[in-house]
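Look at the model first, then follow the text from the pocket to the ligand.

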Amino acid sequence: MENDKKILVVSGCLRKNGNTERLLRDFLRDEDPEELKTVYLRDLDFSGCLACDGCLKKPACVLKDDLREVYPALETCQSLILASPIYFNGVSWLMKKFIDRLQAYFHHNMDWPRRDKALALFTGGAKGYKDQFTGGRLETEIAFRSLGFEKNYWIQVPNTDQDPYESGSLDLRGRGEKKIWTRKEGGLWE
Ligand SMILES: Cc1cc2nc3c(=O)[nH]c(=O)nc-3n(C[C@H](O)[C@H](O)[C@H](O)COP(=O)(O)O)c2cc1C
């Protein structure tokens, strides 16, 4: 796996090309593919955290599975994008399994390289209700913090059950400084 990519994208989607990955693809459309490394967690064979405390002594997970190939990219990327559907008010089980495996970084003060920004993209099927995305935000926020990202952003799209995310409906404005994301019709961006 190439570890010299500027942007690491991690998809915790179970469905290939579902709402969240369509949104992700739109979001990445202006990025240089040469700068991107995308990891689809559903294609990897990895365990959840076993709470073995093996990472208490040194900042590395002792488990030997496919995530070993992802850790170097996580440690060197400038920006990180996590994409997940909302499941039971939080990230998907697949994304949560990945986040739990960041425990080694949570435990240690790492000497991170210069980090740019981290972003999480969420879609939720329900029309929009209080705290629909709060759990996902909290889960990804602690992941970003554990990885040394201070500038964090979220994009949240509700109502995909009635109104599936349509490719091309993301309208990016002020991506540079202002970081305002809007959807052309309906939806809610933050
Ligand atoms: C197990 C499961 C749990 C879900 N829980 C929620 C939920 O708590 N809130 C919500 O708004 N949508 C929920 N949904 C709907 C998904 O978030 C929604 O369909 C999403 O857009 C799916 O993304 P995808 O097409 O990328 O898989 C759930 C779906 C599944 C399969």
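In what follows, Ala, Val, Leu, Ile, Met, Phe, Trp, Tyr, Cys and Pro count as nonpolar, Asp, Glu, Lys and Arg as charged, and the others, Gly among them, as polar. The model is a predicted one. By that grouping, the lining of the second largest pocket consists of five nonpolar, seven polar and three charged residues.

This pocket has a volume of about 210 Å³. Its lining is made up of 15 residues, and Arg15, Asn19, Pro85, Tyr87 and Thr123 are the ones nearest the centre of the pocket.

What takes up the space of the second largest pocket? The ligand does. Around the ligand are 17 residues, of which Thr20, Ile86, Thr123, Gln132 and Thr160 come nearest. This shell divides into six nonpolar, nine polar and two charged residues. Helix H1, residues 19-27, and strand S3, residues 79-87, each supply at least two residues of the shell. The largest share comes from S3, with three residues.

A polar backbone atom of asparagine 19 is 2.8 Å from an oxygen atom of the ligand. For phenylalanine 88, a polar backbone atom is 2.9 Å from a nitrogen atom of the ligand. At glycine 125, a backbone N or O atom lies 3.0 Å from a nitrogen atom of the ligand. Taken alone, the ligand exposes 640 Å², and the protein buries 77% of that area.

Notes:
Residues numbered from 1 in each chain as written. Predicted model: local features only at pLDDT ≥ 70, side-chain atom pairs only at ≥ 80, totals over all residues. Heavy atoms only, no water. Near = heavy atom within 4 Å. Polar contact = N/O pair within 3.5 Å; in protein donor to acceptor, adjacent residues only side chain to side chain. Areas by Shrake-Rupley, 256 points an atom, 1.4 Å probe, with all protein chains shown as cover. 1 Å grid on protein atoms, 1.4 Å probe; cavity = no way out; pocket = protein on both sides within 12 Å on 5 of 7 lines; lining within 4 Å. Sits in = over half its atoms within 2 Å of the grid points. Helix = DSSP H or I, 4+ residues; strand = E, 2+ residues; numbered from the N terminus. Points joined across faces, edges and corners; volume = space filled by probe spheres on them.
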